[in-house]
Amino acid sequence: MIDLNTATAAELDGVELLRGHGFEIVRYREERGLFTSLRQLDEVPGLAQKTDGVEAHLYVESANAT
């Protein structure tokens, strides 16, 4: 499992559903802030409606986690 908020572009590209989109995901995160849910991946250019099943590979660490 990979944390969407700390993953590198290479790590994200290693997830088959996201292959080729790692750079865009990291850029989106840097420009707009940390993800609060996996559903926000649909807002990344090129990923709308293409992320079904990604929850088997990714998670979003809660901001309140210690």
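In the predicted model, T51 is buried, with a relative accessible area of 8%. This residue is placed in the loop that connects α2 and β2. The side chain of T51 forms a polar contact of 3.2 Å with the side chain of D42. When residues up to four places away in sequence are left aside, the residues touched by T51 are L18, L41 and D42.

Q49 is exposed, its relative accessible area being 68%, whereas T51 is buried. The backbone of Q49 has a phi near 65°, a positive value in a residue other than glycine. Most residues other than glycine have a negative phi.

Aromatic pairing was examined over the whole structure, and the search finds 1 pair. The ring centres of Y28 and F35 are 5.5 Å apart and the ring planes meet at 25°, so the pair is stacked. The angle falls in the stacked class because planes under 30 degrees apart are counted as such. Both partners of the pair are buried: Y28 has a relative accessible area of 7%, and F35 has a relative accessible area of 3%. These values qualify as buried because the cut-off is under 20% relative accessible area.

Definitions and conventions:
Residues numbered from 1 in each chain as written. Predicted model: local features only at pLDDT ≥ 70, side-chain atom pairs only at ≥ 80, totals over all residues. Heavy atoms only, no water. Phe/Tyr/Trp six-rings, centres within 6.5 Å; stacked < 30°, edge-to-face > 60°. Buried < 20%, exposed > 50% of the residue type's maximum accessible area, 1.4 Å probe, protein only. Helix = DSSP H or I, 4+ residues; strand = E, 2+ residues; numbered from the N terminus. Polar contact = N/O pair within 3.5 Å; in protein donor to acceptor, adjacent residues only side chain to side chain. Contact = heavy atoms within 4.5 Å.
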